Amino acid sequence: MNSPVIGAKYIFMDAQTFETTKEQKTEARMITGAEAVMECLLAEGVDLMFGYPGGAIMPVYDALYSYSDRLKHVLVRHEQGAIHAAQGYARVTGKVGVGLVTSGPAATNAVTGIADAMLDSTPVVVISGQVGSTLIGTDAFQEIDVVGITQPITKWNYQITRPEDIPWAFARAFYIARHGRPGPVVLDITKDAQFGKFMFQYQRMKSIRSYTPVHVAEQDKIEEAASLINLAKKPLALIGQGVVLGGAEKELLAFIEKTGIPAAWTILGLSALPTDHPLNVGMLGMHGNYGPNIKTNEADLILGIGMRFDDRVTADTKKYATKAKIIHMEIDPAEINKIMHADVPLLGDVKDTLPRLTEKVSSNDHSEWLQEFHACSRVEHERLIDKDLNPSKPELSMGEVVHRVSAAFNDDAIMVTDVGQHQMVGTRYFRFKQTRSVVTSGGLGTMGFGIPAAIGAKMGKPDRPVVLFVGDGGFQMTIQELGTIYQEKVPVKIVLLNNNFLGMVRQWQELFFDLRYASTEMINPDFQTIAKGYYLPSVKVTDRKNLDAAIKEMAESDGPFLMEVVVEKEGNVFPMVPAGASISDIRLE
């Protein structure tokens, strides 16, 4: 059974209906299904995967033993960690991440990572073992309906019960995961399909007749959009992750520089253009910058470029962009008019659409409009940012830590975050010079994402520094992956911002629940002792005078490093748009 694709429905086809190119066809030979899995991964360019072995996937792991010189496998400590690591790898490399798990509880442990990948458009292929085909439906030991469970959170899923279907299913899985709007695919392979022998031949998929992953924007819509852009007095571009996924960073720069349009990024669009670009006016959203939020309701034209108008960006949609026409540039037809009505929808890959639009628009200068954003920035600095980065109180703030860590890496590291207050502070104060420099859980907001995602990011980009910001809550959700860091010697730099609270929930309790701190204060362990148990060098900072020296020690260390910083216990993250309010109601304090 297969599942529907978000935005473009798949029609099930048998193994004979896909198209390939002859040069991608391998020579036929007799091998087992488990060996075929290895050959399929190699044919798709996979050289690294993350997983955890078990009974129903054991034939694949046995085959992997003979392929270890070509396929590196990272043994995680929990299956959720495998998928998050695959996500981190995919996000920084642009390749398909691969997770490998067994049946039953292993597959259900992977569900959170799969759902996270679905909401954040991350290409991963998850391979799960399954009981023998004759046992399916009998409630056999560690049997679970993986296809049924993952159907709503995958672009496609499929259960393989015959070895002969492995090449077709893998070719289809990788094609679907990486083409169009990327996302997760699950392949559930029965144990007898892994053991069975067949005449293997692999053909990489070129297309699927029932699936159009990328539409081409109509020329009359391009011209209509260009006309609106040329007439606009107060246009604002909203930059989403679609720019990064499409590799359209240069095309974006050419467009905004020709038109002079101020550009704000979403949390997943961070690093799509350099932080210090003169047209970059900051981050959108609930904890975004003051200017782009306030000015959205003053704009006469909104250009959504590779973003989906998420509720964290729009807040109350009835009060969003009230004076503006909307141009929505989007690859997934399901996102067009889903949340905000698009006056001009441009359905297609922004890497194609942006240069076509740039050709049609007039050169322009919106410097007066841009100055209004700068005025908002000055207000935000005076009332908030300067206090965050240079607090007068003795307790350390998250903002000053993030700011100094970014500077220590010359504003050119990959930032990974877990989820919570530190995530919002990190996305506000870390700075970026190049693309694919942010790995965070946006749509699902998964606590525990950070440590495994940092592992995958660093293994995907070993030549770039990777810094993880994590809170004391999220850190303990996947703390076991410190064992993976130690075993694989992954040199990630971990900044643990410890306020002894579930900080974001506590902030809401303070602001909206009359200071009733229900189940949010944490009695934490000695994180330095835990780090020592995992042979991880560490330092703990409780005083501002020791912060710079600790950051220097971390930055100059060759291997993994944990820097725990005790920050103010009841600090809040501002600006903030209260839930259900208009973005114009953004609070600076």
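1. Domain bounds here come from an automatic or database domain assignment. For this protein that gives domain 1 (16-208), domain 2 (219-372) and domain 3 (394-566).

2. Bear in mind that this is a predicted model, where local features need pLDDT of at least 70, side-chain atom pairs count only at pLDDT 80 or more, and totals for chains, interfaces and linings use all residues. Residues are numbered from 1 along each chain as its sequence is written, and side-chain values use heavy atoms, with hydrogens and water left out.

3. On to the domain 2/domain 3 pair: their centres, taken over C-alpha atoms, are 31 Å apart. Contact (heavy atoms within 4.5 Å) links 18 residues of domain 2 with 18 residues of domain 3.

4. Now the holes. A cavity is a set of points on a 1 Å grid over the protein atoms alone where a 1.4 Å probe fits but cannot get out, and lining residues have an atom within 4 Å of a point.

5. Where does the largest cavity lie? Domain 2 and domain 3 both give residues to its lining, so it lies between them. Among the lining residues are R91, Q241, L268 and R436. Helix α10 (residues 241-245) gives the most, with 3 residues; helices are DSSP runs (H or I, at least four residues), numbered from the N terminus.

6. Helix α3 (residues 79-93) has 15 residues, and 15 of its 15 are buried (under 20% relative accessible area, 1.4 Å probe, protein chains only). Just after α3, G94 takes a positive phi of about 80°.

Definitions and conventions
On a 1 Å grid over the protein atoms alone, a cavity is a set of points where a 1.4 Å probe fits but cannot get out, and a pocket is an open set with protein on both sides within 12 Å along at least five of seven lines; lining residues have an atom within 4 Å of a point. Helices (H or I, at least four residues) and strands (E, at least two) are DSSP runs, numbered from the N terminus. The expected span of a helix is 1.5 Å times one less than its number of residues. Buried means under 20% relative accessible area, exposed over 50%, partly exposed in between (1.4 Å probe, protein chains only).
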